[in-house]
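Here are my notes on the model you sent over. Have the coordinates open while you go through them.

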Amino acid sequence: MIGQGLKHHFQTIGDVAMLTKSTFQATFSAPFYWGRLFEQIVQLGIGSLSITIVIGVVTGLVMTLQFGYGLEKFGGTLYVPAIVSLSIFRELAPIFTSLLVAGRIGSGISAEIGAMNVTQQVDAIRALGTNPIRVLVVPRVVATVISLPLLTVLSGFMGIIGGLAIAYLEFNMPIGFYVNKVLNTINFMDVFGGMIKCAFFAIVISIIACYRGFQTKEGTRGVGTAATWVVVRASIIILISDFFLSKMLLLLFG
């Protein structure tokens, strides 16, 4: 029983690796469906703007509130802008935004492709002589890789705005002082490092979602199961890989 389970897991990893390889090959060769890419950017990226803004603002509010009252006891309130801005851009914005995307976009992709698979639309695409990976997978993967890092930057910026509001209203911190502290603390690599993380998370989310969509069976019940499977697996991989990516980025950029 355990042996069969391990065999199944290794087979899944191998299938995902093969899909990843085929997707990269199809991405950098013709034909490329630009119309489908723009359609996916609107659907996946722009469709996630509102929830990204909410998460960014709330993260900034809560972080500033907690650090503000915690450091106030030691006279360290002036360090709040630096701590909050670094935490948001390096860790919180990439993680929270990616988990949000895994829930919203990952489940959506797997459900959409899964529904096409159980209704034999994927087989129809093959019958027309078109590669489903080029039509269905590549536009979604590229759109997610483009959208997620940009959404993360937006989330981080909104977090700074939220932190500024609490610092000014709750701790009477001058707006100019807060902004100067943030600008003197954050550098380009802090933001770029978060974007690198999110590009990796975007590949993980979209590839896993597409893979599970192609494996979907058993009608609508299978579609629901596939969406849950994608969210759980993608979230676990994001949380575990974040440690190793953070370690690598610290070694490379400090």
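1. Overall fold. There are nine helices and zero strands in the chain, where helices (H or I, at least four residues) and strands (E, at least two) are DSSP runs numbered from the N terminus. Along the sequence that reads α-α-α-α-α-α-α-α-α. Taken along the principal axes, the C-alpha atoms fill a box of roughly 70 × 45 × 35 Å.

2. Ground rules. This is a predicted model, with local features needing pLDDT of at least 70 and side-chain atom pairs counting only at pLDDT 80 or more, while totals for chains, interfaces and linings use all residues. Residues are numbered from 1 along each chain as its sequence is written, and side-chain values use heavy atoms, with hydrogens and water left out.

3. The unreviewed UniProt entry puts "transmembrane region" on residues 44–67, 79–102, 141–171, 191–211 and 223–245; positions follow the numbering used here, feature names are shortened, and annotations may be inferred rather than shown by experiment. For residues 141–171, the model gives 100% helix and 0% strand, with the end C-alpha atoms 43 Å apart. Residues 191–211 are also 100% helix and 0% strand, and their end C-alpha atoms lie 30 Å apart.

4. Largest pocket. The space in the largest pocket comes to about 470 Å³. On a 1 Å grid over the protein atoms alone, a pocket is an open set of points with protein on both sides within 12 Å along at least five of seven lines, a cavity is a set where a 1.4 Å probe fits but cannot get out, and lining residues have an atom within 4 Å of a point. Grid points are joined across faces, edges and corners, and a volume is the space filled by probe spheres set on the points. The pocket has 18 lining residues, with Thr12, Ile13, Val16, Tyr211 and Trp229 nearest its centre.

5. Who builds that pocket? Helices α1 (2–27), α8 (188–215) and α9 (219–253) each supply at least two lining residues, and α1 gives the most, with eight. By class, the lining has nine nonpolar, six polar and three charged residues. Here Ala, Val, Leu, Ile, Met, Phe, Trp, Tyr, Cys and Pro count as nonpolar, Asp, Glu, Lys and Arg as charged, and the others, Gly among them, as polar.

6. Cavities. Two cavities of 30 Å³ or more turn up. The largest cavity, at about 40 Å³, is lined by Phe89, Thr152, Val153, Val191, Gly194 and Met195. The lining splits into four nonpolar, two polar and no charged residues.

7. The second largest cavity. This one holds about 30 Å³, and Gly56, Thr59, Ile88, Leu92, Ala93, Phe96, Ser155 and Gly159 line it. Helices α3 (49–72), α4 (80–118) and α6 each supply at least two lining residues; α4 has the largest share, with four. The class count is four nonpolar, four polar and no charged.

8. Salt bridges. The model has five salt bridges, each a side-chain nitrogen of Lys or Arg within 4 Å of a carboxyl oxygen of Asp or Glu. In one of the pairs, the side chains of glutamate 91 and lysine 197 meet at 2.7 Å, N to O. Glutamate 91 sits in helix α4 and lysine 197 in helix α8, so the pair ties together parts that are 106 residues apart in sequence.

9. Surface patch. Tyr168, Leu169, Ile175, Val179 and Leu183 form a nonpolar patch on the surface, with about 510 Å² of accessible area together. Patch residues have over 30% relative accessible area and no salt bridge, with like charges joined within 9 Å and nonpolar side chains (Val, Leu, Ile, Met, Phe, Trp, Tyr) within 5 Å. Accessible areas come from the Shrake-Rupley method with a 1.4 Å probe; for residues, only the protein chains shown count as cover. Both α6 (132–171) and α7 (175–185) supply at least two patch residues, and α7 gives the most, with three.

10. Where is the cis peptide bond? It runs from alanine 30 to proline 31, with omega near 0°, and proline 31 is in the loop between α1 and α2 (34–45). Glutamine 120 has a positive phi of about 65° although it is not a glycine; glutamine 120 is found in the loop between α4 and α5 (121–127).
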